[in-house]
Amino acid sequence: MKKTVSQLLDGCEPHQIDPLISDIDAELPEGADIDNIRSLTISKVRISNSRRIRRIIAIAACAVMLAGVLVGCYVAEKVDYENAVEFFDLNDMTTDGLSRSDIKRVYRDISSESFEYDDSYKLLSESRDTDSVEGVDIRINNSVNNIAAVPDNLNYGYSLNEAHGDIPDGVSYTGDYYEGADADAFLTKSADGEVKWTTHFKTMTYSDDYYVVGGRVLITGYVMYDKLHDYMHTCLALVDDSTGELLWEKELDSKYHFDEYANAVLTADGRAAVLTIASDDRFSGENHLVFREFDLTGKAVHEHEQRKDDMYYSFNLTEISGGWLAVYNAVTESSSVSSTLSTVPHILVFDSEGVISREWDFSDFGSDGSADPSCDIESITEHDGRIFVAVTKRNSTDLYNGMDIEKMLPEGETFASFSDKARDRARECFSAVLYVFDSASAKPQQFYSVDGARALNNSLKITGDGSLVWSVGRIVRAGWSPYTSSFSLYGVTRRYDYTFDSDNKLLRQDRTDKFGSFTTL
Amino acid sequence: MNDKEMLELLKRKPQRGLDTLIGLYSGLLYAVARGRMDASLYGSAQVEDIVADSFSDFYLSLDSFDPDRCSIKSFLCVIARRKAIDAVRSSKLTQLPLDEAEDTLSLEEETEEKELRARLIQEIGNLGEPDSAILIRKYYLGQSSKDIAAALGLSPSNVDTRTHRAVQKLKKIFGGAS
């Protein structure tokens, strides 16, 4: 059977065609959409990773069950009791006046949702009183979308280095994460297009985020060792913002193979605090949260490690009176049939030495009854005895399930990028929410919600007169990308600023002329 | 950025790595997939889907990728090519001729084909530039003579002439097999 040249080339192995295509490149043709390719790719990777995490969870669950069978009755009773006490603690339920067997009975009654035991209802009612928190839905005043005003050249991609702090207009910092085989990372400061300084780091292989505060720049990054990722440690460096002088540089020399950067903060007096997640195997589920604080000279003044196995990401750390505050998203399994996982924000309060003194989540805070709402933390701050947490909340619709999105379309409609319908459906998927907690008691006080918008990164600012300004991005243009089993949303947001007084009262809503991009990853 | 640096970036910062990878190779993979997906039957969205599938498959199999054995570029091209072929085969839109649909090879034929393929690749390389690039663009990327001409700085008629001569040369070498 004769084969054509083209058919013969179909079966080529990669190494065979290497020499033939090494110098060949091709541009995307007109009409092809690189944003669509990017969105599809990220979503496919995300779904596969989610499935992998679900497998890990399933394996872990099996292991726990197996261990449970092997443990004797005595141990089982002890574990049962300890679980019950932990359950009471987690739900702010008191054990006062209850015997050991009562506690276990209430725990089993509630966790099995049987509710046959009288004390269960009473205890639940008392504990839930704290969650009766008022919420305010903020309506966008200006309903004009003004799509034409959206800059045509807005990039839908991802920023490379994330900036934190107050950076004047015209000033930019460029951190390159690689420069040849042997060179280290470097950071360049430019003002009005002119390079002011470039600082090369001694240890850091890649620079990452940077924080500009009080005339100094804190740069976070990594050093990686050998053979692609056997070891990876976080690096920190402090640079004088006016001269570019490298004040100090640290590799966080962990006893673990991986010590991955979670978040950092630079204070006005030059102290740096950093959270890392340390493990020997990134997929083992055994993680350690490490808090470190360095003084102005780079000397470590506090270091504390605690085991925390949550599947967490998107940390945000800030200094509060008497310690530090961190918020992170923890991945939890969704109850929906799809493969997607939900994320639930958790708050950690550290004392001044970096030891966790309190922690809680707010999965059911401000619940609107939707199943498995997912929240992604964008910003936190503490002010005047209150903790403010800005999150983007996704509604119950599973954005990664094509069927769910498909159901949202009117019959006969096809998917199209940047249509009004796409924008309206995208708006149904998101709410920007601001949660307010009491700093001392950790009790929720209030929440504000703006539908059809997303909270923006680093969007909480305290003004000179003590008012709080919360920035959200309203979705003004959106498209989505269909493919075999999943969808991605992407588009443009317009920034709205909300100002609150010291009593959490909304003073005003400002529609700005600033636009940003968003994509569902 | 070389392949090892790219792999490190993909491991360290997956989103950035994928973003860079997509920026570098989307056009090439699109061409490779399009070369097997008839434009009259398959829209741009379907080709984009194949390209995205190729990137995600590559990322998810990073641990098994050996940069000393082949380049990321060729690895991605092969994934895209095979995915495009699979998509066409499984599509109801495809109207394969009967003999092609039942195209199965015996072990002996398969061995022969492998040898033939290896020799073909070698001979295409031996044609020298720009003829080898023209043939690869024509038969692997499925590019038109006009596109090839634009990419290589030649006239379309020159591309056609060179293609014809190169194929004749290969036919002579293979005794009509190609």
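Helices (H or I, at least four residues) and strands (E, at least two) are DSSP runs, numbered from the N terminus. The model is predicted, so local features need pLDDT of at least 70 and side-chain atom pairs count only at pLDDT 80 or more, while totals for chains, interfaces and linings use all residues. Residues are numbered from 1 along each chain as its sequence is written, and chains are lettered from A and ligands numbered from 1 in the order in which they are written.

**One residue of chain A**

A:Arg508 lies in strand S25 (residues 506–519) of chain A. A residue is buried if 20 or more other C-beta atoms, placed from the backbone, lie within 10 Å of its own, exposed if 12 or fewer, and partly exposed in between. A:Arg508 has 11 other C-beta atoms within 10 Å and is therefore exposed. Between A:Arg508 and A:Tyr498 there are 5.9 Å from C-alpha to C-alpha, and the two are ten residues apart in sequence.

**Chain B and its helices**

Chain B contains nine helices and zero strands. Of its 178 residues, 38% are buried. Two residues are in contact if their C-beta atoms, placed from the backbone, lie within 7 Å. Among contacts in chain B between residues at least 6 apart in sequence, 60% join residues at least 24 apart.

Two packed helices are described by the angle between their axes and the distance between the axes. Axes are lines fitted to C-alpha atoms, for helices over the stretch in contact, and angles run from 0 to 180 degrees between N-to-C directions.

| Helix pair | Angle | Axis distance |
|---|---|---|
| H2(B) (residues 14–34) and H3(B) (residues 44–60) | about 135° | 9 Å |
| H7(B) (residues 131–139) and H9(B) (residues 156–174) | about 95° | 10 Å |

Angles under 35 degrees count as roughly parallel, over 145 as roughly antiparallel, 65 to 115 as roughly perpendicular and the rest as oblique. With an angle of about 135°, H2(B) is oblique to H3(B). H7(B) and H9(B) are roughly perpendicular to each other.

Residues of H2(B) that meet H3(B) include B:Leu18, B:Ile22 and B:Leu29, and those on the H3(B) side include B:Ile50 and B:Phe55. For classes, Ala, Val, Leu, Ile, Met, Phe, Trp, Tyr, Cys and Pro count as nonpolar, Asp, Glu, Lys and Arg as charged, and the others, Gly among them, as polar. The contact of H2(B) with H3(B) has twelve nonpolar, two polar and one charged residues.

In the other pair, B:Asp131, B:Ile134, B:Leu135 and B:Lys138 of H7(B) meet B:Val159, B:Arg162, B:Thr163 and B:Ala166 of H9(B). This contact divides into four nonpolar, one polar and three charged residues.

**Between the chains**

The contact between the chains takes 49 residues from chain A and 53 residues from chain B. On the side of chain A that touches chain B, two or more residues come from each of helix H1 (5–10), helix H2 (14–21), helix H3 (34–70) and strand S7 (216–225) of chain A. H3(A) gives the most, with ten residues. By class, this side of chain A has 28 nonpolar, twelve polar and nine charged residues.

**Confidence in chain A**

pLDDT is the predictor's confidence in each residue, from 0 to 100. Chain A has a mean pLDDT of 73, and 64% of its residues reach 70 or more. Among the elements of chain A, helix H6 (residues 118–128) has the lowest mean pLDDT (55) and strand S9 (residues 246–251) the highest (94). The pLDDT is below 50 over residues 333–341 of chain A, a stretch with 27 contacts in the model beyond near neighbours in sequence.
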